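Please open the model in your viewer and keep the selection tool at hand. The tour below goes from one stop to the next and says at each what to select and what is there.

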Amino acid sequence: MLGYLEARKLVLERAEPLPPRRVPLLEALGLAAAEDIRAAEPVPPFTNSAMDGFALRCGDAAPGRLPVAGTVPAGMAEVPALGPGEALRIMTGAPLPAGADAVVPIEFVREEAGWVVLSGAPRPGANIRLAGEDIPAGGLVVSAGAVLRPAEVGVLAAIGCPEVRVRPRPRVAVITTGNELVDAGDRPGPGRIRDANIHSLCAQAMAAGAIPLPRPRVEDSREAVARAVRDALDEADVVLTNGGISVGDFDFIKAVLEDHGAERVFWKVAQKPGSPLGLWVHRGKLIFGIPGNPVAAMLMFETYVRPALRRMMGYRNLHRPERTGILEAAWKRSGDPMRTEFLRVVAGPGGRAALAGPQGSGILSGMMRANALALIPEGPTALEAGAEVPLQLIDEAEDH
Ligand code: AMP
Ligand code: MG
């Protein structure tokens with residue numbers, strides 16, 4: 001059977017970055033730039049005062065007092081030149097008058113009937129911001145693939161980019177299936193349960209930066225599933241079906257997708273939980289067949305869908321940070337040892353990893369407690385307390 005890393009590789013090979021889109025600057029927050037962006041002009045665009053004070057020529061300061069020839073406010077277009085032996089009142093951000101080489105802050109002087117009295121000798125360049133000292137003209141501001149944070153948004157505004165080309169957020173349709181399911185707001189009758197997964201999967205899509213499209217829930221019939229998938233493909237970049245992907249009598253997803261002409265990339269992965277996971281491609285769009293057990297559903301999203309969405313969004317870092325953990329208690333495998341097992345763990349200081357409660361694939365509350373996954377590779381049937389295991393830190397961002 002296909003191994004976990006091979007399956008992830010197949011997913012990422014099929015997940016292409018989405019075509020770039022030009023969006024208003026604020027909408028670009030959190031998205032990856034689709035191209036290198038250079039500053040057409042220097043920032044600041046002109047040399048200006050860093051303080052409210054007096055612009056002067058340092059060489060003229062020796063007498064200790066200078067006549068004040070005028071005022072230069074911020075935004076002044078035609079700034080008078082500084083005459084010999086004079087000072088000009090100047091405000092923060094105002095263009096430096098020609099001839100001035102320093103600004104003395106207002107706090108350091110006294111003013112007397114049209115004169116400014118200095119308390120010391122200014123240093124050339126003091127309190128002056130040079131044109132281009134922040135960003136030179138032609139300088140690289142953002143490189144393709146960089147994520148736009150609030151600081152990038154501000155800098156792009158400063159260099160005159162009110163819009164920016166980014167990789168857009170993928171639209172992710174989520175279709176849950178199962179005759180046993182009712183809405184979160186309904187009281188389940190006999191034999192029925194609430195549809196938790198439509199919420200957890202849509203929340204994961206949102207948390208990944210994508211746009212979730214929760215679709216109407218589908219009963220276990222071929223026709224209903226076929227219609228739902230067809231409609232979802234019309235609207236979404238990625239489709240997640242949930243449940244009905246295994247070998248039960250009412251598991252129609254595989255057959256429906258293939259009847260619809262979707263190409264099967266794989267079905268079944270040597271892993272626990274989540275072994276019936278499948279990936280199909282239809283006209284370049286990914287369709288994940290995700291098993292219905294609530295923990296399996298979330299783990300499959302975390303392990304395969306999230307990195308795929310990140311690749312579509314043009315991010316450079318696709319995977320959560322990893323580190324080596326130390327199992328706090330002994331662990332014994334049940335079932336086939338030739339599969340990767342994802343344990344939900346709480347990773348603490350020094351990499352100590354304790355199981356986040358019982359590990360059944362229906363124990364959704366364990367996902368609330370876990371901050372990491374311990375990936376037990378194929379092979380060992382048991383691990384001693386103190387054994388080293390690779391951890392994926394699922395509460396930490398990929399891009400830091
Ligand atoms: P399935 O993959 O359809 O065979 O479902 C496996 C298990 O997950 C069954 O116990 C289902 O009742 C449960 N399940 C399937 N879909 C959901 C869902 N959307 N929310 C909560 N539990 C689900
Ligand atoms: Mg089902």
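Begin by selecting strand E4 (residues 53-56) together with strand E6, which run antiparallel and are joined by three bridges; helices (H or I, at least four residues) and strands (E, at least two) are DSSP runs numbered from the N terminus, and two strands pair if DSSP finds at least two bridges between them. Within this pair, pick Ala55, whose bridge partner in E6 is Leu88.

Before going further, note that this is a predicted model, in which local features need pLDDT of at least 70 and side-chain atom pairs count only at pLDDT 80 or more, while totals for chains, interfaces and linings use all residues. Residues are numbered from 1 along each chain as its sequence is written, chains are lettered from A and ligands numbered from 1 in the order in which they are written, and side-chain values use heavy atoms, with hydrogens and water left out.

Now widen the selection to the whole open sheet, in which six strands follow the order E7-E4-E6-E5-E9-E8 with mixed pairing. Strand E7 (102-105) and strand E8 (109-112) stand at the edges with a single partner strand each, so one side of each is left without a neighbour in the sheet. Neighbouring strands of this sheet are turned by 40° against each other on average, direction ignored, the axes being lines fitted to C-alpha atoms, for helices over the stretch in contact, and angles in general running from 0 to 180 degrees between N-to-C directions.

In the loop between E7 and E8, select Phe108. Is Phe108 buried or exposed? With a relative accessibility of 53%, Phe108 counts as exposed (buried is under 20% relative accessible area, exposed over 50%, partly exposed in between, with a 1.4 Å probe and protein chains only). From Phe108, a C-alpha to C-alpha line to Val182 spans 73 Å in space, and the two are 74 residues apart in sequence.

Finally, select ligand 1 and the side chain of Glu180, where an N or O atom lies 2.6 Å from an oxygen atom of the ligand. In the side chain of Asp195, an N or O atom is 2.8 Å from a nitrogen atom of ligand 1, and a polar backbone atom of Gly244 is 3.0 Å from an oxygen atom of ligand 1.

Terms used:
Polar contact = N/O pair within 3.5 Å; in protein donor to acceptor, adjacent residues only side chain to side chain.
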